Amino acid sequence: MIIYGASGHGKVIIDIVNSINSQAIDFIIDDDPSIINIKGLNVFHSFTEEMTGKEVIAAVGNNRIRKKIVEKVSNPFIKAIVHPSAIISEDIKIGNGSVVMPNATINSSSIIGDHCIINTGAIIEHDANFSDFVHVSPGATITGNVNIGEGTQIGAGATVIPGVSIGKWVTVGAGAVIINDIPDYAVVVGSPGRIIKYNRVENE
Ligand SMILES: CC(=O)SCCNC(=O)CCNC(=O)[C@H](O)C(C)(C)COP(=O)(O)OP(=O)(O)OC[C@H]1O[C@@H](n2cnc3c(N)ncnc32)[C@H](O)[C@@H]1OP(=O)(O)O
């Protein structure tokens with residue numbers, strides 16, 4: 001396996017992969033040439049021939065950067081990685097390149113897209129429907145029947161009440177309480193959540 005990303009999120013991914021299979025990591029890649037070592041492992045800065053065909057996980061917390069990595073990598077992506085302490089229902093679907101971190105929960109009938117991050121201790125209740133590149137930060141609670149669009153980040157400790165639809169490339173601030181649907185690109189903070197601005201629209 002190739003871990004693409006050697007910053008804080010990459011370190012956590014290394015720990016999770018090692019907790020499942022300590023032999024699984026073949027290479028670490030990062031675009032930043034100043035990062036040469038992470039947790040005692042050498043960091044490469046481009047793909048080499050010996051990496052051909054190896055499965056990759058894009059291990060960057062920022063959703064836009066993670067998507068850019070995914071778009072430029074031609075290797076296959078790894079099936080979802082789930083930490084052994086996470087509790088996930090047997091009937092969920094979770095896409096390639098996604099990761100479920102320690103003590104997270106994903107309940108029945110939820111669908112999680114590709115390259116999503118369900119971070120430490122996050123709770124995803126039943127019948128969630130998440131598009132790709134969603135990041136639910138540590139300790140956030142997504143209650144039942146919530147839809148979340150591509151690239152949206154739910155901040156640490158935020159709560160989303162049942163049945164809400166959150167658009168794409170939205171940022172929900174840490175600790176926010178979302179009680180209404182949220183349009184694409186909005187930045188929302190507070191309780192109840194209020195829109196303070198909009199994220200830049202890029203070519204997605
Ligand atoms: C493992 C990990 O670390 S995963 C990473 C998890 N990361 C997070 O949870 C971070 C979530 N990010 C935030 O909460 C950020 O504060 C954001 C994205 C909502 C806003 O950030 P910025 O765009 O830099 O906004 P800025 O700091 O300028 O704040 C704008 C206004 O919103 C307020 N505000 C910002 N964040 C919050 C918040 N979480 N709750 C309430 N108010 C907030 C600010 O006080 C400010 O108010 P003012 O205009 O009255 O002074």
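## Annotated residue His135

His135 is in contact (C-beta atoms, placed from the backbone, within 7 Å) with Gly61, Asn63, Cys116, Ile117, Asn119 and Gln153, leaving aside residues up to four places away in sequence. The model is a predicted one, in which local features need pLDDT of at least 70 and side-chain atom pairs count only at pLDDT 80 or more, while totals for chains, interfaces and linings use all residues. Numbering starts from 1 along each chain as its sequence is written.

His135 belongs to strand 15, strands being DSSP runs of E of at least two residues and helices runs of H or I of at least four, numbered from the N terminus. Because 25 other C-beta atoms lie within 10 Å, His135 is buried; the cut-offs are 20 or more for buried, 12 or fewer for exposed, and partly exposed in between, with C-beta atoms placed from the backbone. UniProt lists His135 under "binding site" in an unreviewed entry; such annotations may be inferred rather than shown by experiment.

## Helix 2

Asn63, Arg66, Lys67, Ile69 and Val70 are the buried residues of helix 2 (residues 63-72). They line one face of the helix, since they fall within an arc of 160° seen down its axis, the arc being that of the directions from the axis to the C-beta atoms. These residues pack against strand 1 (2-4), strand 5 (56-58), strand 15 (135-136) and strand 18 (153-154). Glu71 and Lys72, on the other side of helix 2, are exposed.

## Annotated residue His126

The "active site" annotation of the unreviewed UniProt entry covers His126. This residue lies in the loop between strand 13 (123-124) and strand 14 (129-130). His126 counts as partly exposed because it has 17 C-beta neighbours inside 10 Å. Apart from residues up to four places away in sequence, His126 touches Asn107, Ser108, Ser109, Ser110 and Gly144.

Methods: Contact = placed C-beta atoms within 7 Å.
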